[in-house]
Each structure stands twice: as C-alpha cells, then as structure tokens.
Amino acid sequence: MNDKKPKIGIALGGGGARGVAHAGVLKALDNAGINIDLIVGTSMGAMVGACYALDMSFSDIEKLFIGYNRTKLFRKLFDISNPRKSLIKGKKAKKYLEELFAGKQFSDTKIPFYIIATNLADGSEVVMKEGQIAEAVRASISVPGIFPPVEWNNTYLIDGGVVNPTPVDKVKEFGADIIIGVDLMSKRNITITKAPTVVDTLLQSYEIIRTQAVNYNVGKVNGSAIMIKPETGAVSGSFNFSNMEAFCELGVKAAEERIPEIKKRIAEFKG
C-alpha cells in the first residue's frame, strides 16, 4: 500500500480585478481538505498567492478586495502619471503593497512560493523566489503602459502575464505531482458595444496576447494540469473593481466543479 501523499501545486494566473477569483478558488480547495504545497503566481495571482502563502486568513484576504467601490480604490491605489512614462505612477500601489506585506520576504512563507515577471529588455521570464515580496508582487502586476516597470537586480521588470499568464509549466518544474491551474483569461468572451478608449484598447489587446500564451503553456504540460476557469466573462473588465464579491464567488463555484477530479487524482496517485 502506498501512503505517500502527492505534492499539490497551483498556478494562479493574471486577470486584473478578476484575480480576486483566486481567493474563492483557494477557499473552496481548503474547505474540501485539499492542501496546497506550492504556489506560482503571476500578476494578481502573485498578490493573492502571496497572501495565502504568508498564512493570511481567507476572511482577511477577502477583506482586502471586497467592499471597495471604484472611486475608493482608485483614490487609494492609482495616481495619474505623465503619459510619456505610464498612465499610473505606481507610488500609491507601492506604498499599499509595502504596508500590506510589512517587510515580509519569500523566506517567511509557509509553503514554497514563486512569482513570475517579465524582463523588459529581452522578454525573458523571471522567476522571483528571494527578497521582498511587496516589490516582487509590484513587478508582476506592472501592466505595460499602465504601471511603470520595476527595477530589480539591475534590470526592469513588467507584468509576468506577458510571458506566462498561468504558469502551470513552472508548477510542474518545481516538483508538483498534481498540477492545478487557475485561468482567468481563456473563457472570456466580451462584446464591444461602443468605441473603445485608449485604455480599453490597450487592455483588451494585452488580454488577447495573454490568452494565447495561456494556451501555449498549458500545452507544455501535456494536458496533465487540472484547469479551473471561473466564468468571469459575465463580470468583465480588468479594472472592474466594483464586482469583487462576484469574482470571489465565481472562483468558489469553478473550484467546486473540479474538486471531484482533484480528489480522484489524489486517490490514484502512485509515488
């Protein structure tokens, strides 16, 4: 009889405000007794993943997002910049993340945790696993053109979603036996009913690119990843911060649908 437990890893992908769905996914898995052994996060997945890896309670994670309206959130996090550099300065976001993570480093996490960003100079993938979590999260959420690049080890980093929006391949590379991916991109179908603004066009173009990257990286693990895809298309918009509770509930629902498959994979595991 094999009593060895499989190592379960989860990739939390990008998706702007929709990333709150990750909190719902993690909550549903926890309620089902499915313990996560490692996390790889990109963009908002990095932020939610950091909270979980640092052992923050689900109620506290939800409080970070739920209850904000757009005006309140923009006043707290977004400072308009000189458009020659980026639309948002990022100073408020930096301050917010530093207060949230209070100097915590990767070495403070309860489980192995990795953050994906993109090297602006050559487009290479950067895996961050040491140093200040706040700064790593800030790099991974730096959407090109919206937030300024973040200086890290003598280079400049931008949103990890440019190269790896849902990093299931990294979860496998870091030793997970069972790979779970949370994809907030590829099930979205939106209808454009009016002439888009510059920001709308920039974000939608970026999301099209990320969707293709998700499909490519899922293919790299030969279909072995269990993909959770919350139906966030009904609550659209990377910056639609007025529907946080809905995103969280959609994450719970999507995870619950895949829990039987995850438990089956655990029961069949042969180490």
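Close-up 1. The model shown is predicted. Strand β2 covers residues 38-42. It is joined to β1 by 4 bridges, and the two strands run parallel.

Close-up 2. Within β7, isoleucine 179 is the bridge partner of glycine 9.

**Close-up 3. Strand β1, residues 8-12, is largely enclosed by the rest of the structure.** The reason is burial: 5 of its 5 residues are buried, so the strand is largely enclosed. Which residues point one way from β1, and which the other? Ile8, Ile10 and Leu12 point one way. Gly9 and Ala11 point the other way. Residues on both sides of the strand are buried.

**Close-up 4. Serine 43 sits in the loop between β2 and α2.** Helix α2 covers residues 44-53. Serine 43 is not a glycine, yet its phi is positive, at about 55°. Is serine 43 buried or exposed? Its relative accessibility is 3%. Buried means under 20%, so serine 43 counts as buried.

**Close-up 5. Asparagine 153 occupies the loop between β5 and β6.** Strand β5 is residues 150-152, and β6 is residues 155-159. Asparagine 153 has a positive phi of about 50°, although it is not a glycine. The relative accessible area of asparagine 153 is 67%. The cut-off for exposed is over 50%, so asparagine 153 is exposed.

**Close-up 6. Serine 107 lies in the loop between α5 and β3.** Helix α5 covers residues 91-101, and strand β3 covers 113-119. Serine 107 is exposed, with a relative accessible area of 68%. What distance separates the C-alpha atoms of serine 107 and glutamine 132? They are separated by 9.3 Å. Along the chain, these two residues are 25 residues apart.

Notes. Residues are numbered from 1 along each chain as its sequence is written. This is a predicted model: local features need pLDDT of at least 70, side-chain atom pairs count only at pLDDT 80 or more; totals for chains, interfaces and linings use all residues. Side-chain values use heavy atoms; hydrogens and water are left out. Buried means under 20% relative accessible area, exposed over 50%, partly exposed in between (1.4 Å probe, protein chains only). Two strands pair if DSSP finds at least two bridges between them.
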